[in-house]
Amino acid sequence: MQRLTELQEAQLVERDAEDGYRLTALGKEACDELRGLHRWSERWAAVLDQMPPGGSGPKS
């Protein structure tokens, strides 16, 4: 419950009419940005997976 309070104070979530929670416009924007970062991190991880242990270049 503390985390939801913190998210409300940060204006990322708000209470809805059914006594639940929903993202605010800022929360939705943050979510979209984080999806982009997630996609980038997946590509980065794939590059790292191609590197030999202790090496500095892609695996051959």
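This is a predicted model: local features need pLDDT of at least 70, side-chain atom pairs count only at pLDDT 80 or more; totals for chains, interfaces and linings use all residues.

Visitor: Why are Trp40 and Trp44 called a stacked aromatic pair?

Guide: Two rings pair if their centres lie within 6.5 Å, and planes under 30 degrees apart count as stacked. By this rule the count comes to 1 aromatic pair. Trp40 and Trp44 form an aromatic pair with 5.1 Å centre to centre and 25 degrees between the planes, and the pair is therefore stacked.

Visitor: What separates Trp40 and Trp44 along helix 2?

Guide: About one helical turn separates them, because Trp40 and Trp44 are 4 residues apart in helix 2, the helix that covers residues 25-49.

Visitor: Why does Trp44 count as partly exposed?

Guide: The term applies between 20% and 50% relative accessible area, and since Trp44 has 46% relative accessibility, partly exposed is the term for Trp44. Trp40, at 41% relative accessibility, therefore counts as partly exposed as well.

Visitor: Which residues form the nonpolar patch on the surface?

Guide: The patch is formed by Leu34, Leu37, Trp40, Trp44 and Leu48, which together have about 530 Å² of accessible area.

Visitor: How does the radius of gyration of the protein chain stand against that of a compact globule of 60 residues?

Guide: The protein chain has 19 Å, whereas a compact globule of 60 residues would have a radius of gyration near 10 Å. The C-alpha atoms fill a box of roughly 55 × 20 × 20 Å along the principal axes, and buried residues make up 7% of the 60 residues.

How values were computed
Residues are numbered from 1 along each chain as its sequence is written. Side-chain values use heavy atoms; hydrogens and water are left out. Patches are made of residues with over 30% relative accessible area and no salt bridge: like charges are joined within 9 Å, nonpolar side chains (Val, Leu, Ile, Met, Phe, Trp, Tyr) within 5 Å. Accessible areas come from the Shrake-Rupley method with a 1.4 Å probe; for residues, only the protein chains shown count as cover. A salt bridge is a side-chain nitrogen of Lys or Arg within 4 Å of a carboxyl oxygen of Asp or Glu. Helices (H or I, at least four residues) and strands (E, at least two) are DSSP runs, numbered from the N terminus. Buried means under 20% relative accessible area, exposed over 50%, partly exposed in between (1.4 Å probe, protein chains only). Rings of Phe, Tyr and Trp (its six-membered ring) pair if their centres lie within 6.5 Å; planes under 30 degrees apart count as stacked, over 60 as edge-to-face and the rest as tilted. The radius of gyration is taken over C-alpha atoms; the globule rule is 2.2 Å times the number of residues to the power 0.38.
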